[in-house]
Amino acid sequence: MIRLENISRLFQVGEQTVSALNEVSLEINPGEYLSIMGPSGSGKSTLLNLIGLLDRPSSGLYTFDGEDVTHLSEALQAKVRQEKIGFVFQFFHLIPRLTASENIELPMMLAGIDKAERMAKSHRLLQDFGLLDRASHKPEQLSGGQRQRVAIARATVMQPRILLADEPTGNLDRASGMEVISLLEALNAQGMALVVVTHDPEIGKRAKRQVHMIDGKIVSGGS
Amino acid sequence: MKLIDIASFTSKSLVGAKTRTALMILAMSIGVAAVVVLTALGEGARRYVVDQFSSLGTNLLIVFPGRTETKGNMPGMLIGETPRDLTLDDALALLRSRHVKRIAPLTLGSGLVSLGRRNREVPVIGSTSDLLEIRHMTLLEGRFLPQIDPRNAVPVCVLGMRVKEELFGSSQALGRWVRIGDRRFRVVGILSAQGQSLGFNTDELAIVPVASAQMLFNIPSLFRILVEARSRNDIPLAQKDVERIFAARHEGERDVTVITQDAVLSTFDKILRALTLAVAGIAGISLAVAGILIMNVMLIAVAQRTREIGLLKAIGATGNQIRRLFFFEAAILSLVGAISGWLLGEFGAKVIAGLYPSLPIAPPWWAIAAAFATSLATGVLFSLLPANRAARLDPVQALSRR
């Protein structure tokens, strides 16, 4: 489904050129569950951003469902993100002035879907995720675990092919962290590919495929 | 993204930042209100002057003695050359012109009008029976000055409304005698209330035949001669005739000034219109300032909402969509600001109109339209930069911030 070939990403820091990713190749199959682990600065977040089309590689080729997405225009990349990719962030990134339900509706709103359909879908997700009584709560009225579940609902509402989670438990206590992980794994069991970036080995180990990175290179678990 | 969703999303973000929104709307509305109030004032002043001139009469020429001109020798008074006075005979001679419909000579003085122990100092005008028609005055009761040879001094007078009330109260005034200065006059008519007209309050007047006034104030000359031309087209011809007649009577000297009401009117009209425009322009500056304020606050908003913009991009928003969101926000702000400013301005104009009832104050429609257009244009124009900045934001960096 996803195929990265010799992807490099260089950053200009002052006079120096820092290589965050160095000739990385990776293949992710539909419905796969993999974790990306490694110390800080090993390039795991950069890799995730590249897979999520939030960033462009300095060199290399990225194909999604056989289509070259490396050189798509900004608007077309946005469309790919909208339809095929779901993001889950460490800091949830919910919009504070919108209710839980409205936050979940956001991607559908951007896609121009009717209000009635949006409400029906977000209602179903809230129900599935055990958040129905929190539908009209603002993020600040929710616990960390609840916030992350709302964020996951938002990420999955467009039924993407792949979920990208960047330290999804990094800002949660153990118990709610485990709840979030099992929710993500349940979604993966339904067929959504799942990529979890973490530096917590216990969470990383749960994945069927574990990718280890050091200094911008995949040292194990790559294709 | 649907328009209704854009509207609800942006209005929620505006409501979410109440102080910021309120301040921006306030700035915009002050700008618009300033334009509305100031142009209303300017336009009111213009209409006031125009009304005053029209109430003076129609197709009017005003003759007064003296003439402003540049001469090569010494000032006239040093070489024994003073402007000749206007006389009653001069005035009557004007009737020879085909283009003159009627005339009214004017003498002006101030006299103490008394009835028994009550007295009141009022302006006294000496004129003829035609003054009533020429000056568009109306009578409340009685009749105006008699149609007699203007050289005859007849002891009759017409009183303004106020003078009558002050002296006679509610009792009958017609037929009674009053004393003006050292002469006695019989009241033959009362003017109906008309109010202010070119500084003269016709309610505070006493009008007597011109010859009587000349005797009363001991002056042989006239203050002005009002000439009514036969029609609007006759005005320039009448003006020429009047000047010709005076030149003939004054040994070829052109020593009177004839102004037409039209000329005065259009000059005032032009001056006051220019003034209104100038004032509107100055007020427009405050609108531009409001626009710059909107830009600043929008830039801050973009900085504050970096994470939100990053998130929107991550879940599939294009740069254009984000630009549109910020654009729309600025447009809503400007529109709400313009509407509230307009209402504020109308209210201000109403208050001023209440304080100065004689000024016909109302903001002209073009000023309101211009204020709306300017506020929308500045709002949208000054949101270009912030909206572009938001649209170009790098999502990775935006999301990496806490």
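B:Glu308 and A:Arg97 are joined by a salt bridge, with 2.8 Å between the closest N and O atoms. The model is a predicted one. Side chains of opposite charge can pair when their charged atoms come close. Between chain A and chain B, four salt bridges are counted. Polar contacts were also counted across this boundary. There, 10 residue pairs are in polar contact, both residues being at pLDDT 80 or more. On the side of chain A that touches chain B, two or more residues come from each of helix H2 (74–84) and helix H3 (100–110) of chain A. The residues on that side comprise 13 nonpolar, five polar and eight charged.

The extent of the contact was examined next. Chain A contributes 26 residues to the contact, and chain B contributes 25 residues. The area buried between chain A and chain B is about 2,400 Å². Carbon and sulfur atoms give 62% of that area. In chain A, the most area is lost to chain B by A:His93, A:Arg97 and A:Leu110. Together these residues account for 30% of what the chain A side buries.

The largest pocket holds about 490 Å³ of space. It is lined by 23 residues, of which A:Ser45, A:Asn49, A:Asp166, B:Val396 and B:Ser400 are the closest to its centre. Several elements of chain A give two or more residues to the lining: strand E1 (2–13), helix H1 (44–51), strand E6 (85–88) and strand E7 (162–166). By class, the lining has 10 nonpolar, seven polar and six charged residues.

Over all chains, 34 are found. One of them links the side chains of A:Glu117 and A:Lys121, at 3.9 Å from N to O. Both residues belong to helix H4 (residues 115–128) of chain A. A:Glu117 and A:Lys121 lie four residues apart, about one turn of the helix.

Terms used. Residues numbered from 1 in each chain as written. Chains lettered and ligands numbered in written order. Predicted model: local features only at pLDDT ≥ 70, side-chain atom pairs only at ≥ 80, totals over all residues. Heavy atoms only, no water. Contact = heavy atoms within 4.5 Å. Buried area = accessible area lost by both parts, 1.4 Å probe. Polar contact = N/O pair within 3.5 Å; in protein donor to acceptor, adjacent residues only side chain to side chain. Nonpolar A, V, L, I, M, F, W, Y, C, P; charged D, E, K, R; others polar. 1 Å grid on protein atoms, 1.4 Å probe; cavity = no way out; pocket = protein on both sides within 12 Å on 5 of 7 lines; lining within 4 Å. Points joined across faces, edges and corners; volume = space filled by probe spheres on them.
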